[in-house]
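Colleague: I am new to this model and would be grateful for a close look at one part of it.

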Amino acid sequence: MTSRIAIIGGGFSGVMTAANLARLARQPIRVTIINTQRPTGRGVAYGTRRTEHLLNVAARNMSAFPDQPDHFLQWLRTRSDYDAVPTHELRERFIPRMVYGDYLLSIAHHYLQTPDGLTSTKVEFREDTVTDIEPNGEMHLQSGGRLTADRIVLACGNEIPAALPGAESLTAHPAWVGNPWESWHQRLPAHGGSVVLLGAGLTTVDAVLTLRALGWHGAIHAISRHGWLPHAHFRGVEYPNFPPAEVDLAELGLTKLLALMEEHCARLRDLGANPAIIVDKMRPHTQRIWQRLSLDDRLTFASKWAARWNVLRHRIAPEIHAQVTSAQLTGQLEVHAANIVRLEAANTRVRVHLSDGPPVTGDLVINATGPQSRFSATRSGLLQNLLQRGLITSDDMDMGVRVAPDHIAIDSTGQYSSLLLALGPLLKGTLWETVAVPELRGQARRVAETLLGQPPTLEAEEAVMEYMI
Ligand SMILES: Cc1cc2nc3c(=O)[nH]c(=O)nc-3n(C[C@H](O)[C@H](O)[C@H](O)COP(=O)(O)OP(=O)(O)OC[C@H]3O[C@@H](n4cnc5c(N)ncnc54)[C@H](O)[C@@H]3O)c2cc1C
């Protein structure tokens, strides 16, 4: 009997799981991808139509296939716009994210939409929201329909930002944007007005770039606990001393690991080099280190060190960084270091009360605080229902779905699910480093192998590949 596989989510994780199924399947399977809100194939990150939004990973490390490291570069070579760019330069380029979305769609066309069967995998796309799943594999769709599958992959992507105090009364307020990935450009105030960005991470950077690209001259405020903006990527120096050959980073525990990192950061500073090289050099090992840390160590890291880690880890293209710096230097962008205490409507505007300093009021206030991290409070109706049914359970950090190494979900009784698998940002508590393509391409392949009963062909670390800039 043909097995029926459903994939919930049509972003990178969902589409690449299906593409790997099509590549690896030896017998006929039927795959249905159910996706909502974002264009299938592109997802949240690559669905942008704005050319100023660039990838934050260099082209050479954005292949969608872990076993074909140059696949994206070779695809870029098929586009006339990159004809004149020498290969060594193209490898280091930060390409517009919408072009990466085109790349994913071309993969989908090649592997998933070949009617006469390049592969024996039949793929159907459904635009709908899955609201619940019965233990027998019957999915409830928002449109009212039902769909049944033997195995179901949760590839639902990032959560929207957590609700902030006072935001519940702003839902319909014209100056409030609760989901930063929705289009807000049509609601821009006049040039004398102000836009307040809650958060100072990559989504805030996206918004600053867009405001500048639109030629908007008003005041921009960004508010975050530490007031740190993302750093720029830089060309690293050779530094073979880290990790030291005799040390297994995963065996150190947090205190010794942090001391070792501090020591090497200091050495790099003495050499006049950027200490963030250490974070890059840890990238292929981060998941293994995370999994070996005790729960106490992981909780300590998440509460005390994660903010500092994130600004070094989630860096941006130098040309983007230059624009953000210029917005600060010209006084258009002001960054406030404070906690957000409460939001309230102030006629047509929204006022943000801070732990430190006077309130900041905006004609448009955008919640760019990053995906909500407490999984048990997920705002996805589907995930809430699955938690309530006990078909999935939170990982021990309460950051996502508890899974086994082969991506099979573990239910509330501790049993391996015979129905559900998960990948992508839902695995944050299990793997920590699990949101970007260098990790997700390996996961998509591994999920396909698990579904097909094939042994894993690549270690997760090999899929991440060389990460030095
Ligand atoms: C703005 C932004 C920029 C980024 N830039 C980069 C980058 O440059 N390089 C990089 O490597 N990574 C980047 N990332 C990281 C990014 O998370 C991954 O690269 C990747 O796009 C994640 O894909 P995904 O399929 O897991 O999730 P998503 O792209 O979020 O796709 C999930 C899809 O599932 C759908 N869905 C969710 N629930 C349901 C449901 N119940 N029923 C039906 N459909 C559902 C959603 O609507 C969405 O379409 C970026 C992320 C963001 C948010």
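Colleague: Which residues in α7 meet which residues in α10?

Modeller: This is a predicted model, in which local features need pLDDT of at least 70 and side-chain atom pairs pLDDT 80 or more, while totals for chains, interfaces and linings use all residues. Residues are numbered from 1 along each chain as its sequence is written, and side-chain values use heavy atoms, without hydrogens or water.

On the α7 side, L254, L258, M261 and E262 meet D297, T300, F301, W305, R308 and W309 of α10 (heavy atoms within 4.5 Å). By class, this contact has 6 nonpolar, 1 polar and 3 charged residues (Ala, Val, Leu, Ile, Met, Phe, Trp, Tyr, Cys and Pro are nonpolar; Asp, Glu, Lys and Arg charged; the others, including Gly, polar). Helix α7 covers residues 254–270 and helix α10 residues 295–313 (helices are DSSP runs of H or I with at least four residues). Their axes lie 11 Å apart, at an angle of about 25 degrees (lines fitted to C-alpha atoms over the stretch in contact, with N-to-C angles from 0 to 180 degrees). That makes α7 roughly parallel to α10 (an angle under 35 degrees).

Elsewhere, the ligand is surrounded by 36 residues, the closest being S13, N35, T36, Y46 and N56 (a heavy atom within 4 Å). By class, this shell has 20 nonpolar, 12 polar and 4 charged residues. A polar side-chain atom of Y46 lies 2.7 Å from a ligand oxygen atom, and a backbone N or O atom of N56 also lies 2.7 Å from an oxygen atom of the ligand. Helix α2 gives the most to the shell, with 4 residues.

Conventions
Helices (H or I, at least four residues) and strands (E, at least two) are DSSP runs, numbered from the N terminus. Angles under 35 degrees count as roughly parallel, over 145 as roughly antiparallel, 65 to 115 as roughly perpendicular and the rest as oblique. A polar contact is a pair of N or O atoms within 3.5 Å; within protein, one must be able to donate a hydrogen and the other to accept it, and residues adjacent in sequence count only if both atoms are side-chain atoms.
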